[in-house]
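Biologist: Please take me through this structure feature by feature. For each one, give me the general idea and then the case at hand.

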Amino acid sequence: MEMKFLRRLVWAAAFGVCAVSAAHAEETAAGTPDAASQAAADGPWEKAAQAMQPGLRKVALSNQATLDLPEGYGFVPPAQGKALMEAMGNSIGDTFLGLIVPTGEDGEWMATVDFEDAGYIKDDDARHWKADELLDELKQGTEAGNERRARLGFSPLEVTHWIEPPAYESATQRLVWSVELREKSAPAGTDNTVNYNTYVLGREGYVSLDFITSQSRVEGEKPVAKQLLGSISFNEGRRYADFNSSTDKVAEYGLAALIGGVAAKKLGLLALAGALFAKFFKLIAVGVVAIGAALRKFLGRKTSP
């Protein structure tokens, strides 16, 4: 199982190194990578694979919650997960708790796990939100982030439509929503990026589990996302029901901000990863040529007796 995951990481490294460092990609187009590209391929990817904790197990999410990680999935701890995400051009903040990855044959996604100590989020606005208005906020937020993506060498993106409109279960305080992202220059028929976003609310904030996958696979992976979301539970004293209105901090925003507003900014950041993850398997060949020799050497070394 670990070898399967490692191979996925190395393929991601192939694209990530080239996407973030175009100059190196040009220099190594003939198939002979330079030392910087070699080091990038041998570093965060290998360390993430070595640090991965396979299910079944309980994973502590800070001092807030517990993830009952099922069999067939692995958890990459914060330090190694952060290094991996940064190697792929993503800015990771203090809310980051780790990555969840599939360890079987069929999984073609990664999920970031975060805890945001926003305070107690009132959920009464879920009865009144308008999906069309929230979608417009996401579109505007993504457009506003295109300037930063351009500086990092990524193509401008746009939100196209809901993959799954916002759905909130008040009994369990779980929120799910999803949109499709596409590169503006992408030709018709491209297998576009999908951000599948899930949340569970607690007394002092919320845990988010954000999947980055592709349009062609999201329907089959929705049950996985919901299974993992259901595997997260807040610790006693940290649950939504434990809120004390006399002493506890109340968030400055309501539940709708986890879809528009606050989420629009995060969506823009995750879109940097989305440009990579959409190509994670099927479209990864764009960057493989540049460091193909390094990958063959790396995989050969890891699979030798």
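Biologist: Which is tryptophan 109, buried or exposed?

Modeller: Burial is read from relative accessible area: under 20% is buried, over 50% is exposed, and anything in between is partly exposed, using a 1.4 Å probe and protein chains only. Tryptophan 109 has a relative accessible area of 3% and is buried. Phenylalanine 211, at 2%, is also counted as buried. Keep in mind that the model is predicted, that local features need pLDDT of at least 70 and side-chain atom pairs pLDDT 80 or more, while totals for chains, interfaces and linings use all residues. Residues are numbered from 1 along each chain as its sequence is written, and side-chain values use heavy atoms, without hydrogens and water.

Biologist: How is a pair of aromatic rings described, and how many are found here?

Modeller: Two values describe such a pair, the distance of the centres and the angle of the planes. Rings of Phe, Tyr and Trp (its six-membered ring) pair if their centres lie within 6.5 Å; planes under 30 degrees apart are stacked, over 60 edge-to-face, and the rest tilted. The search of the whole structure finds seven aromatic pairs. In one of them, the ring centres of tryptophan 109 and phenylalanine 211 are 4.8 Å apart with planes at 45°, so this pair is tilted. Tryptophan 109 sits in the loop between β5 and β6, and phenylalanine 211 in strand β10 (residues 206-214), so the pair ties together parts 102 residues apart in sequence. Ring pairs also bring in Tyr73, which forms a cluster with Trp109 and Phe211.

Biologist: What order do the strands take in the sheet?

Modeller: Strands of a sheet pair through backbone hydrogen bonds, in a parallel or antiparallel way. The labels are DSSP runs numbered from the N terminus: helices are H or I with at least four residues, strands E with at least two. Two strands pair if DSSP finds at least two bridges between them. Here eight strands form an open sheet, with antiparallel pairing, in the order β1-β4-β5-β6-β10-β9-β8-β7. β1 (53-54) and β7 (157-169) are at the edges with a single partner strand each, so one side of each has no neighbour in the sheet. In the whole chain there are eleven helices and eleven strands.

Biologist: Which strands does β5 pair with?

Modeller: Strand β4 (residues 73-76) runs antiparallel to β5, and four bridges join the two. Tyrosine 73 has proline 102 of β5 as its bridge partner, and glycine 74 has valine 101. β5 also pairs with strand β6 (residues 110-116), again in the antiparallel sense and over four bridges. There, glycine 98 is opposite valine 113 of β6. β5 itself (residues 96-102) is mostly covered, with seven of its seven residues buried.

Biologist: Which residues have the most contacts inside the largest nonpolar core?

Modeller: A nonpolar core is a set of buried Ala, Val, Leu, Ile, Met, Phe, Trp, Tyr and Cys residues joined through side-chain atoms within 4.5 Å. The largest one has 28 residues, and Leu61, Ile100, Val207 and Phe211 have the most contacts inside it. Helix α8 (residues 218-230) gives the largest share of this core, five residues. Another core, of 24 residues, lies apart from it and includes Trp162, Val179, Ala256 and Ile259. A contact means heavy atoms within 4.5 Å. Beyond four places in sequence, leucine 61 touches Thr66, Leu67, Phe75, Leu97, Val113, Val207 and Ile232.

Biologist: Where are the buried residues of helix α5?

Modeller: In α5 (residues 78-87), Gly81, Leu84 and Met85 are buried. They cover an arc of only 95° around the axis, which puts them on the same side of α5; the arc is that of the directions from the helix axis to the C-beta atoms.

Biologist: Which backbone angles deserve a look?

Modeller: Glycine 55 and leucine 56 are joined by a cis peptide bond, with omega about 5°; leucine 56 is in the loop between β1 and β2 (57-61). Serine 62 has a positive phi of about 55° although it is not a glycine. Serine 62 lies in the loop between β2 and β3 (65-69) and is partly exposed, at 44% relative accessibility. Glutamine 173 also has a positive phi of about 55° without being a glycine. Its loop is the one between β7 and β8 (174-183), and glutamine 173 is buried at 17%.
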